[in-house]
Amino acid sequence: EEETSSTSAHKCPWMPTSYVDCTDFELMKKAKIHAAHVLLWSRDEKPVSPYHYDDIELPMQTKILMQVRFDGSFGFPGGFVDELESKVPSSFPKFLELLQQGVCRELFEEMGFGRDTSPSYVYSCHPAGREKDVMLHFFMFQLTPSQMKAISWGSIISTSDEVVGLSLVPLYTMKDGIRGLPTFLTNSFAGNAVEQLLRCILKQGFLSEVEVRKATEVAFKILK
Ligand code: GTP
Ligand code: MN
Ligand code: MN
Ligand code: MN
Ligand code: MN
Ligand code: MN
């Protein structure tokens, strides 16, 4: 049971930690610490691929942004919701407001923008093990292709020293069945970021369930 905790950086989305809805206010009140992260994504009108078409089954049309964190692991922008630190919110709307405020503040701190955005809530999760007291909330926010293009290295190094890089997620598998998403999934991820990524890919239908499952299996094999 403890094995489902965040110590394993490579978890399969079909072996999830306990996902909950943030409307479970009683549960939210019990969590000592809240953290919230955002998946920023955009969708090109046409599949625009700088890669080698003939080596990829399907070129990439969706861009998903991840950051390389100070410790070398991949994660999403976001962080601890200081606004909820050692405070029990008086009502559910107040709780939601502080959550949104926190995630937008972190987005601004780490990416240099996001103050006026209102990311949409996806789900929360209450991991077992090491991060037991932390409630991890997850949001998504769609950018226009030009907003995605405008995200620059400058915007992150001027605001935050928690981020050492930005990356798009390779949302394809190359013909050898290994390069592309499977190889990307062999990286280390913070918290349950890899589950958040895969669940979001499935929820939005960015890739088929079969492709995600295959990629995960190949990643597991490489890691073994
Ligand atoms: P500081 O300002 O330096 O305290 O960091 P922060 O507020 O930006 O917090 P950070 O994003 O580093 O992490 C908050 C918690 O969430 C930690 O327990 C991390 O392990 C975890 N975490 C970090 N990134 C992600 C992510 O992308 N997804 C998930 N689920 N958890 C993450
Ligand atoms: Mn080249
Ligand atoms: Mn931060
Ligand atoms: Mn952070
Ligand atoms: Mn912080
Ligand atoms: Mn900080």
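This is a predicted model: local features need pLDDT of at least 70, side-chain atom pairs count only at pLDDT 80 or more; totals for chains, interfaces and linings use all residues.
Cysteine 125 stands opposite leucine 136 in strand E7. Strands E6 and E7 run antiparallel and are joined over five bridges.

**Strands and their partners**

- Leucine 136 in E7 also has alanine 35 standing opposite.
- E2 and E7 pair over nine bridges, and the sense of this pairing is parallel.
- E7 is mostly covered, with eight of its nine residues buried.
- Strand E1, residues 18-20, is joined to E6 by three bridges, and these two strands run antiparallel.

**Serine 124**

- Serine 124 lies in strand E6, which spans residues 120-126.
- Is serine 124 buried or exposed? Serine 124 counts as buried because its relative accessibility is 0%, and the cut-off for buried is under 20%.
- The side chain of serine 124 makes a polar contact of 2.6 Å with the side chain of histidine 137.
- Another polar contact, of 2.9 Å, joins the side chains of serine 124 and tyrosine 121.
- Leaving out residues up to four places away in sequence, serine 124 touches Ser18, Tyr19, Val20, Cys22, Met28, Met135, Leu136 and His137.

**Nonpolar cores**

- The largest nonpolar core has 35 residues, of which Leu39, Ile64, Met66, Leu197 and Ile201 touch the most other members.
- At least two residues of this core come from each of E2 (33-43), E3 (62-69), E6, E7 (134-142), H5 (181-184), H6 (193-203) and H7 (209-223).
- Which element gives the most to this core? Helix H6 does, with six residues.
- A second core is separate and has 27 residues, including Phe25, Leu40, Phe95 and Leu99.
- Isoleucine 64 touches Leu39, Leu40, Trp41, Phe76, Ser167, Leu168, Val169, Leu171, Leu197, Ile201 and Phe206, not counting residues up to four places away in sequence.

**Aromatic pairs**

- The count of aromatic pairs comes to eleven.
- Phenylalanine 25 and phenylalanine 92 form an edge-to-face pair, 5.9 Å centre to centre with 70 degrees between the planes.
- Phenylalanine 25 is in helix H1 and phenylalanine 92 is in helix H2, so this pair ties together parts 67 residues apart in sequence.
- Phenylalanine 25 is buried, at a relative accessible area of 15%, whereas phenylalanine 92 is partly exposed at 23%.
- Phenylalanine 74 and phenylalanine 184 also form an edge-to-face pair, 5.0 Å centre to centre with 75 degrees between the planes.
- This pair links distant parts of the chain, with phenylalanine 74 in strand E4 (residues 74-75) and phenylalanine 184 in helix H5, 110 residues apart.
- Phenylalanine 74 is buried with a relative accessible area of 10%, and phenylalanine 184 is buried with 7%.
- One aromatic cluster is formed by Tyr19, Phe76, Tyr123 and Phe138.

**Lysine 32**

- Lysine 32 is found in the loop between helix H1 (25-30) and strand E2.
- Lysine 32 counts as exposed because its relative accessible area is 58%, and the cut-off for exposed is over 50%.
- Apart from neighbours within four places in sequence, lysine 32 is in contact with Ser86 and Asp133.
- Lysine 32 and leucine 84 are 52 residues apart in sequence, and their C-alpha atoms are 8.6 Å apart in space.

**The manganese site**

- Which residues are the protein donors of the manganese ion (ligand 3)? They are Glu106, Glu110 and Glu162, each through OE, at 2.1 to 2.3 Å from the ion.
- Along the chain, the donors of this ion follow the spacing E-x3-E-x51-E.
- Glutamate 106 and glutamate 110 both lie in helix H2 (residues 92-111), where they are four residues apart, about one turn of the helix.
- Both glutamate 106 and glutamate 110 are buried.
- The manganese ion (ligand 3) is 3.3 Å from the manganese ion (ligand 4), and glutamate 110 coordinates both.

Technical notes. Residues are numbered from 1 along each chain as its sequence is written. Chains are lettered from A and ligands numbered from 1 in the order in which they are written. Side-chain values use heavy atoms; hydrogens and water are left out. Donors are N, O and S atoms within 2.8 Å of the metal (3.2 Å for Na, K and Ca); water is not among the atoms, so sites may look incomplete. Buried means under 20% relative accessible area, exposed over 50%, partly exposed in between (1.4 Å probe, protein chains only). A polar contact is a pair of N or O atoms within 3.5 Å; within protein, one must be able to donate a hydrogen and the other to accept it, and residues adjacent in sequence count only if both atoms are side-chain atoms. Contact means heavy atoms within 4.5 Å. A nonpolar core is a set of buried Ala, Val, Leu, Ile, Met, Phe, Trp, Tyr and Cys residues joined through side-chain atoms within 4.5 Å. Two strands pair if DSSP finds at least two bridges between them. Rings of Phe, Tyr and Trp (its six-membered ring) pair if their centres lie within 6.5 Å; planes under 30 degrees apart count as stacked, over 60 as edge-to-face and the rest as tilted.
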